[in-house]
Structure formats: C-alpha cells, structure tokens
Amino acid sequence: MKKNTVYKNDLYACYSKRELAKLLSNKDLKVYTREIRNPDHHFLNKKRTFYQSKITKEIFNKKPSDYLPSKYREFSDSCEKHKKVLKQICFYLSQIEMPKYLFSKKESDYKRNALYHIGNTKFILLDIDSFFPNCKFKYVKDFFAKESGLHMVKEKKDKDGNIIAYESDVADRMAKIVTVPIDSSTNGKRIIPQGYPTSPIVSFLSYKDMFDKINDVAIKYNCKFSTYVDDLSFSYKDNSFDPKVLITEVNNILNDYGHSTNEKKIKIIDIEKELGPNDQLILPLITGLTVKRYCVRASKKMHSKMNKLFNKFISMGEPKDEFEYIKKWKCFISLNGIFNTIEYVEPSSTKKNREHIKKVIEQNKKNYVFHVKVQRVEQLKYERKIFDAYKNCTLVEFINKNRRKLINYK
C-alpha cells in the first residue's frame, strides 16, 4: 500500500527506533531512543491501574476481592509522558482514511453514529463481549508490521537485491507502547487496555479485516452498519428479512478472530411493531441515544440521571467543610457533563425545559474548577486548602499559584 495514498503520515515504513523517537517528539515532548527500545521499563513501571464497578460506577484503586470481568472494568492510566506519547501516536493514526461505517474516529461521535440510522425502522444491536481484553498482541503487531498496515519493518535483501527477510523490531516496540501485559504469570501475553487514548483506534485498525467482513455481511442483506468501538448497529426496512441470519454470520466472523457477541445485550427491535408497557413503542438505543424514525434524542435514562443529579446538587446546600465541598464538586462536574451531552443531542426547541438547570450551572461555575481533577486534589491532600480558597473567593488565585502541582504535574 502506497504511503502517499491512504497513509498520509511519516510512520509508514519507519523501521528505525531513532527515527521513530524523533517522529513521536514535538515541542512539548522529547522521546528518547532508549524509551522506544524498552517501553515497558520507561512507561509501564509508572502506570496506575484502577477498577470501576459496571453497576455502581464506583472506582477502586485496588483490585476488588470479588473481581470478575462481568462485574468490573479494569483501566490502565498511563504516566504523564506515556500519555503524551500515546496522544502523538493518535495524531498520526487519525490521519489514516477510515471507512464510513466507523464512528469512533476523529470528526465523528456517538450522535452521528445514531443519526446514521434514522429513516430505518428495524434494528439489530450487538455488543462485542469484553472487546479490549480480547484484542490480542499478535493482531496489533501485525497492523504495525504488515504492508497493508504501517509496514514498520526493515527489509533484508540478498546480494541480488531480493527480499529474504523482514526485521520487525520497531513494529514490536510500537505494539508494546499501546498494549499492556495481562499479568506476570501469563508468559508475556498482552492486550489493548481500557483507558489508553490509542485503544479505540488501535483496536479498530488491528481488527479492520474483521469489521470489513461484518460490513460486507450488512451490504449483502441491504442493511446499514455502523460501529462505535465495540457497539455494532444494523438497521433495515425489509419486513421479510430474518435478523437471526445476520446475527449468526456476524457471530461466526467474530469467532474467527477470537471475539464473540454478548448474548445478554443482543436486541432486535422493530419500531413499528414493538410495544412495551402502556402500549408505548420500544425504541432502539444506539450509543446511548434514542433513535426514532426521523430524529435522535437523549434517552429517558439520561434525562432521569440529569434531573437526579440536579436535585442532589440543590439539596446539598452550602458546604460546611472540605468533605462536603469535595462531594458537591464531584456532583457538579457530573451534572455539568450530562447537561452538556443532552444540550448537544436535543434540538433547540427543547432548551426551555432545561433553563432552570442551565441557570444553576452558570451561577455555580465560579465555585468549582473544571481543569483540575478532583482525584489530583485528593492525592495531594489539598482538600482543606481548596475549600479555604472557595470560602475566601480566591479559587483562581489558588489554582494559578499551585498550577505546577495541580495541572502541569508529570
């Protein structure tokens, strides 16, 4: 594959560790060749692993005693320099031309994914079970090494100029930078972790052949197909089509690549026929958004969560100490986040319904900061200091004075 057609970046055919270090460096980041040679030593020794309950969303810094992949998500939070390296890799990979059916890419999002299906009335919604943990190192390295990928290999030729072997050291190091070992007892097996900025795009590119085959199945049955990381959505209009035929073929493709669908999350929905409680139509949720025939809306669950957070925030009242302040700050950040999501999804004609929430958010923005992580404040044990700054109306001054520790830390 020609470098100047699909791959418009300098990573293609880069087989020198020294050159790769230069490519991953920028004005704010200096990457050294020794870090490329041994990324685990320089980056992974400093990473943080944490766990999140799939039910309560509570975060645990230590592995829960009842840990199961079905109960918890395991995240890898890379060290600051590693994170910058990963973002630089994302910069290059995002220049690769992506297929129309992928919506977890640059200049696309969950809303566009849902909008892609409006006009159709029948939906098949699938979820790849434990997608990242089942993404194997071999597929990642193959993407960086193969000619149809980034071809980061050195060609060894005989005296007549014929290629007799490939050296894939650089492809191997690149694959290690974006993956993590499962644990010390699994003979060096590695996976794509949840939490890395590269994980969505690397997982897709590593398994692009798999997704292309799924797209071919959708085309064969005249269905629209889209994917957002591990969410697979299909829509169509044909009343005579049996959705189980498509599901079986998609399952077979996933199995060929070591993946499978989550049986509990398979949904087959016909918005013209399916009735739920009180004879209301059951509507599909695509990447968290409700898809009607000709429009997309925030789900009832999102609206309910926003209203609960709003009522909780209002009921907290004026914080009396640092513990109440931190608790209210966390609630405010969550409220502001889901409010902005709903504002982005819903049409302007519905804005009046949220004016009271918007007003409260605007009134309280001066009392909390968005560019400082609450976890960082807790890590530094600065709860009392930031609470005092809030009481004295000197939050901005406090943040600026402690910017190096709170924001620009490494």
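Select helix H11, residues 300–316, and helix H12, residues 322–345. In this predicted model, their axes come within 9 Å and cross at roughly 145 degrees. The crossing of H11 past H12 is left-handed.

Now show the side chains where these helices touch. From H11, pick Met302, His303, Lys305, Met306, Leu309, Phe310, Lys312, Phe313 and Met316. From H12, pick Lys327, Lys328, Cys331, Phe332, Ser334, Leu335, Ile338, Phe339, Thr341 and Ile342. Colour them by class. The contact of H11 with H12 has 12 nonpolar, 3 polar and 4 charged residues.

**Next stop: H9 and H10**

Select helix H9, residues 208–220, and helix H10, residues 243–256. Their axes lie 10 Å apart, and the packing angle is about 165 degrees. How do the two helices run relative to each other, roughly parallel or roughly antiparallel? H9 is roughly antiparallel to H10, because angles over 145 degrees count that way. The crossing of H9 and H10 is right-handed.

Show the side chains here too. On the H9 side you will find Met210, Lys213, Ile214, Val217, Ala218 and Lys220. They meet Leu246, Glu249, Val250, Ile253 and Leu254 in H10. By class, the contact of H9 with H10 has 8 nonpolar residues, 3 charged ones and no polar ones.

**Asparagine 113**

Move to helix H5, residues 110–115, and select asparagine 113. Is asparagine 113 buried or exposed? Its relative accessibility is 0%, so asparagine 113 counts as buried. Which residues does asparagine 113 touch, leaving out those up to four places away in sequence? They are Phe103, Ser226, Thr227, Tyr228, Ile286 and Thr287. Two residues in that list, Ser226 and Thr287, are the next stops.

**Serine 226**

Select serine 226, in strand E9, residues 224–228. Serine 226 also counts as buried, with a relative accessibility of 0%. Show what serine 226 contacts beyond its neighbours within four places in sequence: Tyr101, Phe103, Asn113, Tyr116, His117, Asp231, Leu232 and Ser233. Now draw a distance line from the C-alpha of serine 226 to the C-alpha of phenylalanine 103. It spans 7.0 Å, although the two residues are 123 apart in sequence.

**Threonine 287**

Select threonine 287, in the loop between strand E12 (285–286) and strand E13 (289–291). Threonine 287 has a relative accessible area of 19%, and buried means under 20%, so this residue is buried. Check the backbone as well. Most residues other than glycine have a negative phi. Threonine 287 has a positive phi, near 45 degrees.

**Histidine 151**

Go to the loop between helix H6 (137–145) and strand E5 (154–157), and select histidine 151. Histidine 151 counts as buried, with 10% relative accessibility.

**Last stop: confidence**

Colour the whole chain by pLDDT. The mean for the protein is 89, and 92% of its residues reach 70 or more. Then select residues 1–6, where pLDDT stays under 50. The model has 13 contacts for residues 1–6 beyond four places in sequence. Why treat such contacts with care? Where pLDDT is low, the predicted coordinates should not be read in detail.

Note on methods
Residues numbered from 1 in each chain as written. Predicted model: local features only at pLDDT ≥ 70, side-chain atom pairs only at ≥ 80, totals over all residues. Heavy atoms only, no water. pLDDT = per-residue confidence, 0-100. Contact = heavy atoms within 4.5 Å. Helix = DSSP H or I, 4+ residues; strand = E, 2+ residues; numbered from the N terminus. Buried < 20%, exposed > 50% of the residue type's maximum accessible area, 1.4 Å probe, protein only. Axes fitted to C-alpha atoms, helices over the stretch in contact; angles between N-to-C directions. Parallel < 35°, antiparallel > 145°, perpendicular 65-115°, else oblique. Left-handed = near helix turned anticlockwise from the far one by under 90°. Nonpolar A, V, L, I, M, F, W, Y, C, P; charged D, E, K, R; others polar.
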